[in-house]
Amino acid sequence: MASHRKPRTSVLASPGGRRTAAGLTTAALASVTLLSQSADAAPRAPKPTIEEVKKKVDDLYHQAELATEKYNGAKERADEQRHTVDGLLNAAAKRAEQMNRSRHQLGMFASAQYRTGGMNPTAQLMLAKDPQQFFDRSHLMERLTGRQKQAVTDYQEQAAAAAHQRVKATESLEQLQKSQASLKESKQSVQDKLSEARQLLSRLTAQEKARLAALERQKEAAAKRKAEEEARRQQERERQRQQDGGGSTGGQTGGGSSTGDSSSTKAEQALAFARAQIGKPYVWGATGPSSYDCSGLTQAAWKAAGVTLPRTTWDQVKVGQRVATKDLQPGDLVFFFDDISHVGMYIGGGKMIHAPHPGASVREESIYYMPIYGSVRPG
């Protein structure tokens with residue numbers, strides 16, 4: 001029997017369905033368009049000005065130098081700890097050798113006692129062919145017993161000493177591992193800061209780089225003018241002292257006069273070394289001879305004059321006599337920033353020799369280029 005059911009008609013196939021589908025498509029396209037327009041209309045972060053880029057780069061270099069000094073300190077501690085560990089391990093090995101000798105001596109006594117069978121003195125007297133031989137042997141055994149006791153005492157002392165050395169070596173190894181972890185962390189921090197600075201500079205156009213260089217020259221010129229003004233004031237103060245009847249101060253002035261005494265001779269030697277390094281690149285963590293960081297340069301310069309300085313700026317600032325900026329003499333160390341993360345060597349006239357930052361070389365520059373923390377006079 002024929003079916004009376006009507007065939008189904010697709011909604012989309014029907015005229016009304018086609019109109020509905022078309023409406024949905026139009027709405028979807030409109031939504032996409034609106035979303036796209038909204039995305040385009042979203043405010044974009046303004047491109048930083050050259051002044052802002054310069055400030056950011058300078059700040060990153062400052063942070064990198066701070067991390068460099070942390071790295072220098074961690075490296076110094078690690079080197080010292082490694083030397084301590086090596087010494088303790090050598091001492092522990094010697095103690096173990098002495099303990100083994102004591103153990104060998106005890107073994108010899110134990111073997112001798114085993115061979116005699118531990119026979120009591122009465123039995124030995126009864127079996128002896130010659131009573132005199134017995135008494136001689138008895139006297140020898142008494143002496144042997146004394147040596148046995150001493151051998152036991154020696155072994156116990158050596159075993160305790162060896163155990164103590166092992167404990168000390170273990171503790172030093174743990175400290176070394178901590179220093180090495182700190183070293184790795186500081187190294188990564190330096191690399192991260194320098195990488196960020198390089199990325200900022202790499203995004204600049206040629207015109208922006210030229211503008212940045214011009215800003216740098218302006219900053220250097222302003223610092224140079226301040227140094228020249230301070231040098232003139234120092235000369236005026238010196239002339240005034242002489243007119244007042246005070247005569248020469250007997251020391252070097254900011255202009256760089258020399259007294260010829262032992263202290264100034266060392267300063268001259270340190271300055272001669274520092275001048276010879278001008279043009280060599282700044283490399284963080286470097287102490288020469290082909291490259292330097294800031295504290296590496298001042299340490300090497302004063303070492304050439306026979307004066308030992310610590311490795312970091314934080315330790316160098318504690319060495320020698322503190323001096324005011326107006327009383328600076330050639331060879332003095334000038335420290336910068338509140339965190340004491342940079343140092344240079346004063347040469348007179350408001351200028352210094354220093355290793356500035358990555359990408360720059362050892363050079364002369366005004367001490368007023370950066371905020372001064374304080375100064376010391378080594379020697």
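Which strand do 3 bridges join to S3, and in which sense do the two run? I looked this up first in the predicted model, where local features need pLDDT of at least 70, side-chain atom pairs count only at pLDDT 80 or more, and totals for chains, interfaces and linings use all residues. I noted that residues are numbered from 1 along each chain as its sequence is written, and that side-chain values use heavy atoms, with hydrogens and water left out.

**Entry: S3 and S4.** I found that the partner is strand S4 (residues 351-354), joined to S3 by 3 bridges and running antiparallel. Strands here are DSSP runs of E with at least two residues, helices are runs of H or I with at least four, and both are numbered from the N terminus; two strands pair if DSSP finds at least two bridges between them. Gly348 stands opposite Lys351 in S4, and the hairpin of S3 and S4 has 2 residues between the strands, with Gly349 in the turn at a positive phi of about 65°.

**Entry: S2 and S3.** I then saw that strand S2 (residues 333-336) pairs with S3 in the antiparallel sense over 4 bridges, with Leu333 opposite Met345 in S3. This hairpin has 5 residues between its strands, and Phe337 in the turn has a positive phi of about 70°.

**Entry: burial.** I checked S3 (residues 342-348) and found 7 of its 7 residues buried, so the strand is largely enclosed by the rest of the structure; buried means under 20% relative accessible area, exposed over 50%, and partly exposed in between (1.4 Å probe, protein chains only). Helix H7 (residues 294-304) is mostly covered, with 9 of its 11 residues buried, including Cys294, Leu297 and Trp302.
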